[in-house]
Structure formats: structure tokens, C-alpha cells
Amino acid sequence: MIRRALLLALLALAPAAVAAAPAAAVGTAHLGEADGVPFPERAFALTLPRPQPLTAADVRVTENGDRISDVSVTPADGAAARRFGIVLAIDTSASMHGRPLQGAVHAARELIARRSVTQPVAIVTFAGQVRLVLPFTTDEGAIQAALGGVHGGHGGSRIRDAAAMGARLLAAAHIDSGSVVLLTDGADSHSVTSVDRAAAAVRDAGARVYAIGLSSNSPDFGALNVLAADSGGEFSAATSVGDLARVYAHLGSRLGHQYLIRYRSAAPPGSRVAVRVTVKGLPGKATAGYRTPRAPSRLTPAFHRGPGETVWLSPGTALLICLLSALLLVAAVWLVLRRRGTTLRIRLADYVAPAEPEEERARRLELLTARGDGEADSPGRRAVFMLSLAERVDVGRISLDPRRLVAWTGAATVLAFIGFPAVTGVGVTALVGLSVPFAVRAYVERRVRRQRELFTEQLPDNLQVMASAMRAGHSFAGALAVVVEDAPEPTASEMRRVLADEQLGVPIDVALGVAVGRMQSRDLQQVALVAELQRETGGNTAEVLERVTDTVRDRVGLRRLVSGLTAQGRLSRWVLTALPVVLLGAMTIINAEYVRPLYTTSLGQVLLAMAAVMVIAGSVVIKRIVDIKV
């Protein structure tokens, strides 16, 4: 209120001082506070009186006498020019008609020509109504066309309303260091906005008012002086229409050489701060002031975890949980692998016991023919999982014992659960441990599939040898023995198993049926059928075997053809499946901060899970498409 009273008291001296104002301001810089920067960050618009290149080293900023060390200076050109928008507000009331309005438009063109070409400009006219002629634009043609369309209006001047509208335009365009250039030749007569409200709107927008008063019969520039002084702008007087071009040209040159000064304030809360800027090569100091926000009366209490959360989130608890998980896993493996009884009765029951149902006999035969390291002494009631795993390890020709394979897989899983979070610092990476059992299973399945494919490829040649041996007078079992002598692996091992079972009294067709199950070979199943027919009915087995050989050879050729035609699809499946995983891993290694939200936020984890499900589903679908059974 005291400041407002002093300003109003000085208005009586304004008519005598306005003529000298431009001359007095020629050599000084002006400083105005910019909008949109929360404390403690500070931003001020520095307006120079003449063109001058400026860097941070040429500027000295102090707050209450204390120098600010880290200051950035941004010129009003290039990409930063949008921060220094200009609103041209031209009085078009009845007193401005004719030569004054023409001079005002001509002078506005001078201002436009001297500004930076990348500064946006908006044009407003005011008389009985305040009208937006042109919104913010940098298009020179649109600006000149809008100025050419300015014409006289009706009614008195609405100066304060025009200033408030210019401030609203700057705020709406998010221009934090704009200027309102206001030209009028008379007093405000019809504004609905008070001086205080207009000044508050200008301050809230972080704008400055550069008022120009054109001499007339009844000049009253009190509102212009108040708005200019309150916003950190300036008031200039034009003694004639011809003098407008000089004033506008000087003002356009100044507005085209503005700089945005930014720094971080160290002022305490609730204090009044006087900002002074000294520019190298310019006399005097540009000054401004502001009041820092007060500290909140009630501080938010610091976050503290509860006793339960502290215990559960402690490193010791995490280590204890890992140890318990490892112990439980070892106990589960021990329960699966421990001995449960003797198998002597089961192994001899087929030779000393009376006839039993076919299902029980088949089960005993399966146990009898199951082989591997130490498997002849394995428990008869072994879990189905371990029996299946032992068979797959044997078929895949993997040298590691099945029980050790399970133990090593469990240890690697626990190590992955502990190691990945410890290395990456991201808890969700513990889920990588879940991939260890699947990777081991995929390795075993690949070895098994490879051995079965080799067996299928070798089968036609071995059947041809077998048929030739039978034509030479060998029995079916003797022909198998001839095949075993020269056959490569895995055919030699499988046929040797069949011969061993046949020598123990197992029918040859049943022993071949076991080999069919191990090799998953539909072609060998035909040979087993031939063996069963030969055992029950006799006949020319060699000729039948030759026909079976021709059929198997044709089927192998067709299978190779299908494999070649679907090779591109299989390769596409692996490329499309591995590409997202490899890219995610590469981005995690190269720029961990970029992908950290995927691991640390709930939404990121959900999206990551959805992506994993879609990649797996797509891989399964492609696999089903290219997996053609022959």
C-alpha cells in the first residue's frame, strides 16, 4: 500500500518527466521477474539498451549483496525465443482515428522489424471493446497482414482491460518472460478491470508492461505509469505521431535483445530479497525484488518403517529365507531319491510267480528293461518323474547321473535366486532363477530329440542289413545280432538292449516295443509288428522287411523335405522369440536407468509379465504351425 501511494503521488510529476524517460534509459538495463519457476529456482528477464552478445561470464548477480555463482544466460533467439513473446496492444478509440492510428501501425511495423524473427507476436486492439486481432505467431506475413487490418473502433479507451488481456494471452501460451507493449493517447474511461487487478494479472504472468503515451488534448497516463512501474517495465512519451516510430524502434531493439537469467537461490524462507544484476560494459545495475515463500507451519513427519517391516526387510531375514529355501529343496530331492525297499521279489516274480494280469506284467517288464548306471539296483517303486528322467538321460547319452542332475539343477536355481538380485540390485531379477530348470529340461530334450532323429535316419540301412541277413538264413534275433555288430550309435545300443532282453526270456516283439517307446519311432513299430507276426504265424519275413524298409526310406525322405520347407519358419520362431529378450538385456546393460521403471514399478512389472506371456504364446503358436508330423 505504501508503494502504491508513492506511485500515485509521483503521477503528478509524470507529464514533466515522460519526455526525458527514453533518454534516461538509453544506457541502462532493465530486470523483470519471469513466471513459471518455483522457488528456490529463480528466473529474470534482462533487457539490454543496445545489441550486445552476453554470456554467463559477463553477468554478475547478487541477492542481498551475496553473489550467485551458478548462473545461466539464455538469449532471446533460436529455440529459446518462444520465452520472450510480445503482445502489441494498440488504442483504436475515436481520438486515435486518422493520422495517429496510421502512425501507430507504422511504428508497430518498426518494432516488428527490429525484434528477433523467432519471437512470437500477438496483436490486440482496444476501444469500446478489447479485441484479439492475431494470436501468437512467428509468421512475418501473418503479422504484417494483421497490422494492415487494424482499423478505428468506437467508444473510449479500455487500457486496463487491454493490459489484463495481454497478460492472459502470455499465461495461456506458457510464455514465462513476455512483454505487453501498450499504446494509447488518452485516459482509461470504460475498463471493468481495476488498476490493482490489472497489475496483479501482469505480475502473475511474469510479464512487463512497456507503455507508450501519445500526446493529445487530454492526456492522462496515470494507469500506464502504474502498470509499467509495478511490472518492472517502463513508460515512454511520444510528443508527436512522427515520434512514435523512434520510440517503437528503440523499444523493438531492446525487446529483441533480451536474456533469460536463471539460478538457484539460497535465500531463507519468508525473507525479502533484492536482486541486482551488473552487466559487463554497461553502467549501473539492473534491480528487481521478490519475497521468498514462508516455510510451512506444520512439517510432515519423516517416514519411519514399523518394527515388523524393519525385520522382514533386513538383509539377515533375506539370507535366512534363502537358506531355508535351499534346505527345503535339498529335503525334497532327498525324499524323491531315497530307497524305499528291495526289488528282488519284483525282478524274479516274472519267472517264479503264477500268471498275472497283463497290466502288472507290462509294468514289471518295463522295470526289467529300464537301464542306466546303477539302475538295475534302483528301487522298484521309484517316482514316475525320476524313472522318466533316467530314461531320457539314458536315451540322450548324457553321462551325468539323473540324481546328480537334479541336485545340480536345484543348486543352480537357488544360486540364481540369490545371485541375480545381489548383482543387479533389482529384486525382480530373482525370477531368472525360474528359468534354470526349464533350461536344463530343454537341454535334455534336445539331446534326446537328436538321438531319436539319428536312430530314425539310420533305421532304413539297418533294416536292409537285417533283411539280407535273414535271406542268408539267420533268425530274426540272429539278424538283429548282425545289425548290432556294424551299426553306429544309437542304433547299436538300442538293438543290443533288445537282444539282452530277448536272452532273458522277453519276447522279441515286446523287447522291440520297449525300444519303440524309448525312440518314439513309428517306423520301428512296424518292425515290432513284423516280429510278432513272424513269431506267431511265420512267413517270408525277409521280403516283408524289405517292403517295410522301402516304406521307411520314403517316409524319411518326406520328413527331410518337410524339415527343409519349414526351416525358415523354425528360424523365424527363434529370432522373434530371442529378439525382445536380447534387446531388453542389452538396454539393461547399456542404460539401466532407462528400463529401471520396468523392474521397479508395479505397472512396469505388469507390462513385463504381459510381454513375456505374449512372446511365449507367439513362440508356441509358431512351433505348432511348423511342427508337421509325417
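Buried here means under 20% relative accessible area, with exposed over 50% and partly exposed in between, using a 1.4 Å probe and protein chains only. Strands are DSSP runs of E of at least two residues, helices are runs of H or I of at least four, and both are numbered from the N terminus.

A quick word on the model: it is predicted, so local features need pLDDT of at least 70 and side-chain atom pairs count only at pLDDT 80 or more, while totals for chains, interfaces and linings use all residues. Residues are numbered from 1 along each chain as its sequence is written, and side-chain values use heavy atoms, leaving out hydrogens and water.

Back to β9, residues 179-184: 6 of its 6 residues are buried, so the strand is largely enclosed by the rest of the structure. Who are its partners? Strand β6 (residues 86-91) pairs with β9 in the parallel sense over 5 bridges, and valine 87 has valine 180 as its bridge partner. Strand β10 (residues 208-214) also runs parallel to β9, joined by 6 bridges, and there valine 181 is partnered by tyrosine 210. For strands to count as paired, DSSP must find at least two bridges between them.

Now please look at the largest nonpolar core, which has 42 residues; Met466, Phe476, Leu480, Leu512, Leu524, Val527 and Leu545 touch the most other members. Such a core is a set of buried Ala, Val, Leu, Ile, Met, Phe, Trp, Tyr and Cys residues joined through side-chain atoms within 4.5 Å. Among the elements giving two or more residues to this core are α16 (435-471), α19 (508-519) and α20 (522-536). The most comes from α16, with 9 residues. A second, separate core has 28 residues, including Ile159, Leu169, Leu170 and Ala211.

How do α19 and α20 sit together? Their axes come within 8 Å and cross at roughly 175 degrees; axes are lines fitted to C-alpha atoms, for helices over the stretch in contact, and angles between N-to-C directions run from 0 to 180 degrees.
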